Amino acid sequence: MSTSPTSKLTGNPAEQLNKNSFYELHCNDEAATAALVQALAQALSTSMNSQVSQSPASAHLYISLQGDLGSGKTTAVRYLLKELGYTGKVKSPTYSLCEPHILQINQYPIQLYHFDFYRMQSPSEWTEAGLQEHFTSHEPTICIVEWSEKADNTLPLMDLSIRIKASDPLDHHKEYERLIAFHANTSIGLELLNNLVSKTTTLN
Ligand SMILES: Nc1ncnc2c1ncn2[C@@H]1O[C@H](COP(=O)(O)OP(=O)(O)OP(=O)(O)O)[C@@H](O)[C@H]1O
Ligand SMILES: [Mg+2]
């Protein structure tokens, strides 16, 4: 059983990344997903550290997580929180729309808000619930949104969009395989993705 994600990039990763801000990895099993998410957590810590050192009040990172039901979005957030040192129970926000978590990254308190919009009946349901303030807080904040597509254009631009795809849900041999694609949409997202690329290329 492989425990490392297999990079699908060919050529020079940095060059390819700068060209289209896109990076895709194939994970053979859940352990590979965990290893990839651990690398993402380290890249995320670096990004937050550098943002906090410049301006703590505007240190924000927005990440969307898309993929079919059961593709592994919440599982990814659980591995991410664990790698970031969170030791509490991680509840899925499917019913609450948002679960807050407090992290310490380099001794600095960081708020991590985990959203899940799957159950929303309309795109503005989350803003009507007063949850928009988490995106404009004056504290260092990470917002991760499952089912962001349900919010249409009520969400701010995500720095990084992640899409998780089961390889072939009907093929039992591929039950644990996932294709994980990253799109950077901002300069912060691109820096984060560059950092992730450099970490994952050493995983192979
Ligand atoms: N390679 C893999 N990566 C991630 N999860 C995997 C993998 N292989 C199997 N799994 C399993 O797939 C399931 C994913 O469930 P999870 O709740 O994380 O999905 P989800 O995308 O959040 O679904 P929902 O849209 O309902 O919120 C978990 O049971 C996890 O153990
Ligand atoms: Mg989920």
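Biologist: Against which elements do the buried residues of H3 pack?

Modeller: This is a predicted model, and in it the buried residues of H3 pack against the helix H2 and against the strands S3 (60-66), S4 (98-105), S5 (108-116), S6 (141-146) and S7 (160-166).

Biologist: Which residues of H3 are buried, and what makes a residue count as buried?

Modeller: They are Lys-73, Ala-76, Val-77, Tyr-79, Leu-80 and Leu-81. A residue is called buried because 20 or more other C-beta atoms lie within 10 Å of its own. In the protein, 35% of the 204 residues are buried.

Biologist: Which helices supply the shell around ligand 1, and which element gives the most?

Modeller: Helix H2 (30-54) and helix H3 (73-83) each supply at least two residues of that shell. H3 gives the most, with three residues. Around ligand 1 there are 18 residues, of which Thr-33, Gly-72, Lys-73, Thr-74 and Thr-75 come nearest.

Biologist: How do the residues of the shell divide into nonpolar, polar and charged?

Modeller: Four are nonpolar, eight are polar and six are charged. Gly is placed among the polar residues in this scheme.

Biologist: Why is Asn-106 called exposed?

Modeller: Asn-106 has 11 C-beta neighbours inside 10 Å. The label applies at 12 or fewer, and therefore Asn-106 counts as exposed. Asn-106 is found in the loop between S4 and S5, and its phi is near 55 degrees, a positive value in a residue other than glycine.

Biologist: What makes Asp-152 exposed?

Modeller: Asp-152 has 12 C-beta neighbours inside 10 Å. Because the limit of 12 or fewer includes 12 itself, Asp-152 counts as exposed. Asp-152 lies in the loop between S6 and S7 and, although it is not a glycine, has a positive phi of about 50 degrees.

Biologist: Which residue just after H3 takes a positive phi?

Modeller: Gly-85 does, with a phi of about 95 degrees.

Biologist: How many helices and strands does the protein have, and in what order do the elements run?

Modeller: There are five helices and eight strands. From the N terminus on, the order is β-α-β-α-β-α-β-β-α-β-β-β-α.

Biologist: What share of the contacts join residues at least 24 apart in sequence?

Modeller: Among contacts between residues at least 6 apart in sequence, the share is 69%. Two residues are counted as in contact if their C-beta atoms lie within 7 Å.

Note on methods
Residues numbered from 1 in each chain as written. Chains lettered and ligands numbered in written order. Predicted model: local features only at pLDDT ≥ 70, side-chain atom pairs only at ≥ 80, totals over all residues. Near = placed C-beta within 6 Å. Helix = DSSP H or I, 4+ residues; strand = E, 2+ residues; numbered from the N terminus.
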